[in-house]
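Please open the model in your viewer and keep the selection panel at hand. The tour below moves from a sheet to charged pairs and then to a pocket.

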Amino acid sequence: MSDKLSIIVVEPDRDRAMLIVDSLAEAGDYDIHVIAEVTGLARRVKAHNPDMVLVDIANPSRDMLEELTLASGPLERPVAMFVDQSDDGLTRAAIEAGVSAYVVAGLQPDRVKPVMDAAVARFNMFQRMRNELAATKRALEERKVIDRAKGLLMKARGMGEDEAYALLRKTAMDQNRRVADVAQALVTAAGLLG
Amino acid sequence: MKAVSLNVGFIPLVDAAPLIAAQEMGFAAEEGIALELVKAPSWSSLRDMLVFGRVEAAHMLSPVPVASALGLGGTGAALSAVSVLSVNGTVIGVSNALAARLREVGHDFAFHDARAAGEALIRAKPADAPLRIGVPFPFSMHAELLYYWLSALGLPAPQSVSIRTVPPPLMADAMAAGEIDAFCVGEPWGSITVENGAGELLLPGKAIWNFAPEKVLAARTDWAESEEALLGRLIRACWRAGRWLAEPDSRGLAAELLSRPEYLNLPVEVLERSLSGRMVINGRGDTRETLGFVGFHKGCATFPWRSQAEWIAHQLAARTGLDRDAALRAGGGAFRSDLHRAALVGSEADLPGASAKIEGAVTAETSIASAHGQLSLLPDSFFDGRVFEPSRGK
């Protein structure tokens, strides 16, 4: 058996997988494989017989890896989840960052830590990107709804665009609601009334 | 009074209904608590959220706390099942190809006879390869029911049956891709497979075991014991939510609540099938009615019987080669009838006198000794008529 730690990264998105591999390569000299296909995940992992598996917590396929934690599972050696044997701080950081790791029982913590640190840093960045993307999307959708609500008001009340927006904003302030929520209510009501 | 906020994790399934109804219908508020319901992507991540304190309590597969007491599965902390949230509610489905072969061997898809369905399955399965069946998690009632059912009929695992984990949302895809021949899954995923034309339904889980504890309310044991008053409020809120769900008049509203984007985000019509027990079993729209397809209240459904946990421990021990007596002792303690009882004493809930029963012995609705004298048990028989005797202890 080679001395290099063998790591499997389960990640269907090719760009993300490459970023994770790059981060790990910077952290040390590892033998890294990426599995993108989730069907038959446990079988694929078994074929590589890795020391460690990294997987996104948000990935529902993670449950497939639980089979590996059974002593009678596909890996000959019992596998324990990383969180069993590491210090709580690192584990908590991993969970918050959204990464789970499965490692072969008995692996020295000092060999696992740099891998986890690199993975946690990378996943934290993914999390930020995910949040930013969601926020941007929401802002875009809200702007669209506000535009439609403005259009409805302009048509129904014969007012200008600025005036329509001022009315939406005033209503929102009076009712202690967000402009986007008032706009959504108006659009929904208009849809119902035909 | 400001409500105390509790983080409670759930998986988007029909049987998360007691937690969702507890929050949405005001049963939690009556107890002065507010449930922050956290949707989890997988059972393993939900279990980790519980172990590491991201949530105080969780909707959990009944065998998970038992398995963790036996040292199986990757958990660090001891977990306790403090209530049963639901009994039954799972369904076994087969691929279109296997359904066609079942018809060839003369199976009628009657949807209630586990022996007939199992024997047909044995005749229909390919002789040279094991039957591949998907379940949501290695430690699940789904897996236990399959092992029990098929081995009783002479189809032992792993020689003739290969039970593998497939996340429920991917079950229909795995079937279409030819990765599995059959599955056992919780609703709505059986119905969704039918809707997608990926397979047909063969049997409700209830046909194998009439009263199988399916999901439990789980908490970390140390938290449950140190926060018993707070836990008690949660147990009572869930108990009242279960009683509300058991009213036929509640079904429509319950389905509406579950269908919301923040919960299951699926069409009401599909969710109503399991709540009403009227399942559409194939793409031609054939329906089958199953009384008590999923239970939330009747027959003392929320009570975590020690004997239920012992049955699970017994099955797990037999399969993984653990010592039976030690497993029964450790696993039986994972269902905390004591905490459940303490939370409900003095409330309107009636409680049984005993905390263990002979599993499988009730063949017709039976009155039992209870605090208010109004309690009866529903049939809990196994399809093959065997019974399971609890250990004597505690």
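Which residue of E3(B) does Val8(B) stand opposite? Select Val8(B) in this predicted model, and the residue that stands opposite in E3(B) is Ala57(B). The two strands to display around that pair are E1 (residues 4-10) and E3 (residues 57-61) of chain B, which pair in the parallel sense over two bridges.

Now turn to the charged side chains; a search over all chains of the structure finds 27 salt bridges. Begin with Arg260(B) and Glu24(B), whose side chains meet in a salt bridge at 3.1 Å, N to O. This pair links distant parts of the chain, 236 residues apart, with Arg260(B) in the loop between helix H12 (251-259) and helix H13 (268-276) of chain B, and Glu24(B) in helix H1 (residues 17-24) of chain B. Arg260(B) is partly exposed, at a relative accessible area of 33%, and Glu24(B) is likewise partly exposed, at 30%.

Arg47(B) has a relative accessibility of 2% and counts as buried, and Asp48(B) is buried with 3%. Then go to Lys215(B) and Glu214(B), where the salt bridge spans 2.9 Å from N to O and both residues are again buried. To see a network of salt bridges, select Glu31(B), Arg236(B), Arg240(B), Arg243(B) and Glu348(B) together.

The last stop is the second largest pocket, with a volume of about 620 Å³. Of the 28 residues that line this pocket, Leu291(B), Gly292(B), Phe293(B), Val294(B) and Lys298(B) lie nearest its centre. Strand E4 (79-88), helix H11 (228-246), H12, H13 and E13 of chain B are the elements that give two or more residues to this lining, and H13(B) gives the most, with three residues. Colouring the lining by class shows 14 nonpolar, nine polar and five charged residues. Colouring by domain shows that at least three lining residues come from each of domain 1 (4-87 + 212-264 + 296-351) and domain 2 (90-211 + 281-293) of chain B.

Terms used: Residues numbered from 1 in each chain as written. Chains lettered and ligands numbered in written order. Predicted model: local features only at pLDDT ≥ 70, side-chain atom pairs only at ≥ 80, totals over all residues. Heavy atoms only, no water. Pairing = 2+ DSSP bridges. Helix = DSSP H or I, 4+ residues; strand = E, 2+ residues; numbered from the N terminus. Salt bridge = Lys/Arg side-chain N within 4 Å of Asp/Glu carboxyl O. Buried < 20%, exposed > 50% of the residue type's maximum accessible area, 1.4 Å probe, protein only. 1 Å grid on protein atoms, 1.4 Å probe; cavity = no way out; pocket = protein on both sides within 12 Å on 5 of 7 lines; lining within 4 Å. Points joined across faces, edges and corners; volume = space filled by probe spheres on them. Nonpolar A, V, L, I, M, F, W, Y, C, P; charged D, E, K, R; others polar. Domains from an automatic or database assignment.
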